[in-house]
Protein chains: 2
Amino acid sequence: MEFRFGRKAIALEEAQRIVLSLVRKQEEEQVSLPEAFGRRLARDVAADTPVPHFRRSGVDGFAVRASDCAAASPIRPATLTVVETLSAGMVPQRRLERGQAARIMTGGVVPDGADAVVMLEMTDRLEQTSELPYHVQICKSMEAGENVTPIGHEAQRGELLLRKGRRIGPGETAILAAFGHAVVPVFRRPRVAIFSTGSELLPVEVPLTEGKIRCSNSFMLAAQVMEAGGEPIMSPILPDDVREVELRLRAALESADAVVTTGGVSVGDKDVLVELFERWDGEVLFNKIKMRPGSPTSLGIWRGKPLFALSGNPGACYVGFELLMRPYLRAAMGSDAPLPDEATAILETDYRKGSAYPRYIRGTTRVEDGKLKVRPAGRDKSSIMVSIKDADCLICLPAGGTGAAQGELVRIMKLNCEGKE
Amino acid sequence: MEFRFGRKAIALEEAQRIVLSLVRKQEEEQVSLPEAFGRRLARDVAADTPVPHFRRSGVDGFAVRASDCAAASPIRPATLTVVETLSAGMVPQRRLERGQAARIMTGGVVPDGADAVVMLEMTDRLEQTSELPYHVQICKSMEAGENVTPIGHEAQRGELLLRKGRRIGPGETAILAAFGHAVVPVFRRPRVAIFSTGSELLPVEVPLTEGKIRCSNSFMLAAQVMEAGGEPIMSPILPDDVREVELRLRAALESADAVVTTGGVSVGDKDVLVELFERWDGEVLFNKIKMRPGSPTSLGIWRGKPLFALSGNPGACYVGFELLMRPYLRAAMGSDAPLPDEATAILETDYRKGSAYPRYIRGTTRVEDGKLKVRPAGRDKSSIMVSIKDADCLICLPAGGTGAAQGELVRIMKLNCEGKE
């Protein structure tokens with residue numbers, strides 16, 4: 001009851017702290033390496049061998065003893081006897097002695113005794129034959145170590161290469177493959193049940209009628225859940241009857257890892273999530289946040305599982321997910337930096353609108369002469385849906401004041417940043 | 001034969017032009033809206049109705065005739081008779097006459113006759129009842145149009161909202177749902193057959209032995225293909241026998257949409273892709289690019305299908321994919337900006353290495369005071385695999401010179417930018 005009339009607004013940072021304090025890590029599951037793309041590691045990955053694990057030739061040419069060609073030059077080449085041919089993957093059969101060389105390919109094992117590799121272009125063969133032994137002239141003075149990658153140069157044995165919680169992209173995949181992880185431990189994708197509420201909503205496949213709109217928010221949320229690495233479960237539109245809503249949401253909280261609703265959280269006559277929070281046996285952790293859009297964004301918890309109740313306005317719903325639910329999902333899959341990446345950018349236009357609450361304006365960035373510039377993405381009113389696609393960041397304006405002026409440095413939060421962290 | 005000994009290096013831009021000239025668009029297929037996430041649209045999407053398609057209330061309150069409350073204030077409120085209650089989704093049953101108001105929720109249809117909506121907070125009810133008719137006091141002077149979103153404010157009927165080729169993220173999904181696209185026409189994912197070559201390669205699940213390494217490049221490429229929206233087909237490691245290689249690659253070119261190989265393209269004694277290109281009945285479009293790393297990157301075409309032959313060095317393989325094959329895949333799925341996004345950034349360290357060819361150095365960006373800064377991502381040598389994961393861009397240094405100095409503005413190409421375009 002106190003929630004309907006006595007909502008206490010908290011700061012976004014406090015709301016995020018509460019959200020992250022509720023996170024329960026997903027269990028671990030094993031997937032094949034190609035399936036691990038886009039997932040998050042459930043365990044640290046360390047190098048179980050050094051990389052490379054042998055002295056590796058960095059070029060195509062001849063392995064030599066540098067001391068044999070210390071004075072070599074195109075005019076006074078050193079002549080060596082080639083005693084072995086080493087393709088990549090071959091194990092040298094002999095130690096290189098003074099005056100000897102071994103033909104070696106990029107990636108090949110540098111034989112014992114050798115301490116440098118001369119590029120093919122810096123050598124001349126004296127005979128046409130490739131039959132061993134043959135002779136080669138080295139036309140370049142060599143130093144020990146040249147073109148030889150020492151053992152452990154890329155990674156020492158035991159070195160931590162990938163932290164638990166890291167999202168697996170191409171570079172991570174290369175490391176996992178190199179260390180033999182044909183099967184990868186990842187966090188199970190959180191299953192997120194998605195509900196829309198509002199008597200104006202129609203299913204997507206139904207023709208529009210006067211006053212009705214299609215429930216686009218739940219499909220948008222499904223895409224946001226997938227982008228965050230979760231698995232969306234689309235649920236039918238909720239009715240206005242609070243008892244029915246309670247039954248359906250409780251069933252969803254029992255089977256899914258988290259639930260998100262859109263709509264029904266303001267103080268209108270039929271705001272069914274507000275009614276639910278007054279009567280259910282769960283806890284309401286907050287029901288108002290000092291932010292625009294999305295101030296009625298609420299969070300409930302029932303038997304340890306979160307119910308994110310987002311605004312029904314498309315822009316507010318989108319922002320509420322990005323600022324609160326995406327961090328929850330990322331943290332549940334082990335991310336150690338689950339909040340949106342922040343940066344600063346130069347505002348390209350005046351934004352003349354103060355607010356009693358901080359504002360999070362959908363923005364579009366571009367770079368000019370090494371400077372990051374940002375402007376609001378199309379029309380930003382929280383009810384406006386068509387410009388959500390154009391945003392790559394949120395421009396964060398503090399409470400009070402009159403807005404921000406062109407040329408001012410503003411704080412931004414990056415969107416769609418699942419690629420790297 | 002001319003290719004082995006007489007390779008003619010072309011500029012990267014020329015190589016990219018050739019790649020894009022070969023693109024054949026993927027066919028269209030129909031997928032359900034949730035499945036369309038991450039895919040690319042095969043058709044333009046225009047608004048088939050205006051948005052909103054009725055005069056929409058932007059707030060929770062009372063629909064009024066502004067002329068009835070032109071002089072209203074907290075001290076001299078206007079008293080109106082409430083004749084209807086309009087939840088969102090309800091169709092008004094009557095026209096509002098002078099002296100009348102209608103209770104209306106956010107998103108509700110503003111009734112004919114009304115031209116403004118007063119926020120609930122600016123009103124007082126005179127009676128406790130909600131039984132119609134009842135009276136309400138309006139404490140704020142209103143102007144026509146206030147809190148009423150006009151028809152077509154977000155989008156006019158017929159307005160192009162999403163272009164063919166656009167990648168479908170949350171904002172695009174919202175638009176598709178709003179216009180009733182339960183089924184979405186997208187470009188079929190290109191099927192990309194991936195091959196590694198090199199006698200030093202072991203399958204991922206096999207223990208390391210002296211001189212051998214696991215074929216991490218093909219798994220990395222699989223992740224790159226998926227990131228680009230394609231479907232990877234992992235193939236067994238190729239043998240050194242060129243006849244066998246030819247059979248296998250030809251079979252792959254017959255069944256897949258494109259083929260990529262890693263390794264075997266330099267001029268070593270056993271470079272099997274070079275051998276293949278000398279004898280097959282396909283065409284070789286280029287076999288050397290003026291770039292480091294990845295100069296031996298080659299492109300063949302056989303019956304209209306491309307064979308990208310990338311370097312076996314992990315860094316060169318990665319860069320070759322990003323600069324050439326990802327643009328191909330993006331264009332095949334309709335992207336009209338398939339090349340990597342470019343920007344400029346301030347170099348944070350000296351990079352003292354000139355080259356006869358332009359260099360593409362894996363880099364990591366950060367933003368400080370609105371300035372985009374970049375540094376090389378760990379150790380960048382093309383043979384080094386463990387630092388691929390740390391790059392979010394390529395730093396592009398032109399040919400010649402001695403490198404670039406700290407503080408210099410350098411050109412960069414963004415990586416992992418599938419999110420937005």
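## Strand pairing in chain A

Two strands count as paired if DSSP finds at least two bridges between them. In this predicted model, strand β22 (residues 359-368) of chain A meets that condition with strand β23 (residues 371-376) of chain A, to which six bridges join β22(A) in the antiparallel sense. Within this pair, A:Val367 stands opposite A:Leu372 of β23(A). The two strands form a hairpin with two residues between them. A:Asp369, in the turn, has a positive phi of about 50°.

β22(A) also pairs with strand β24 (residues 393-397) of chain A, again antiparallel, over five bridges. Here A:Arg359 has A:Leu397 of β24(A) opposite it.

## A sheet in chain B

Chain B has an open sheet of six strands in the order β7-β4-β6-β5-β9-β8, with mixed pairing. Its edges are β7 (116-119) and β8 (123-125) of chain B, each of which pairs on one side only. Neighbouring strands of this sheet are turned by 40° against each other on average, direction ignored.

One pairing in chain B is that of strand β5 (residues 78-86) with strand β9 (residues 134-138), which run antiparallel and are joined by five bridges. The bridge partner of B:Thr81 in β9(B) is B:His135.

## Relation of the two chains

Chain A is superposed on chain B by a rotation of 180° with 0.0 Å of shift along its axis, at an RMSD of 0.1 Å. This is the relation of a two-fold axis. In chain A, the C-alpha nearest the axis belongs to A:Lys371, 2.3 Å from it.

Of the interface residues of chain A, 100% are also interface residues in chain B, so the copies meet through the same surface.

## The contact between chains A and B

The contact takes 81 residues from chain A and 82 residues from chain B. About 7000 Å² is buried between the two chains, and carbon and sulfur atoms give 65% of this area. On the side of chain A, A:Glu154, A:Pro170 and A:Lys389 lose the most area to chain B, together 10% of what that side buries.

How many salt bridges are there between chain A and chain B? The count is zero. Polar contacts between the chains amount to 18 residue pairs, both residues at pLDDT 80 or more. Several elements of chain A each supply at least two residues to the side that touches chain B, among them β11 (160-162), α4 (216-227), β21 (342-347), β22 and β23. α3(A) gives the most to that side, with eight residues.

Terms used
Residues are numbered from 1 along each chain as its sequence is written. Chains are lettered from A and ligands numbered from 1 in the order in which they are written. This is a predicted model: local features need pLDDT of at least 70, side-chain atom pairs count only at pLDDT 80 or more; totals for chains, interfaces and linings use all residues. Side-chain values use heavy atoms; hydrogens and water are left out. Helices (H or I, at least four residues) and strands (E, at least two) are DSSP runs, numbered from the N terminus. Axes are lines fitted to C-alpha atoms, for helices over the stretch in contact, and angles run from 0 to 180 degrees between N-to-C directions. Copies are superposed by least squares on the C-alpha atoms of residues with pLDDT of at least 70 in both. Contact means heavy atoms within 4.5 Å. Buried area is the accessible area (1.4 Å probe) that two parts lose on being put together, summed over both. A salt bridge is a side-chain nitrogen of Lys or Arg within 4 Å of a carboxyl oxygen of Asp or Glu. A polar contact is a pair of N or O atoms within 3.5 Å; within protein, one must be able to donate a hydrogen and the other to accept it, and residues adjacent in sequence count only if both atoms are side-chain atoms.
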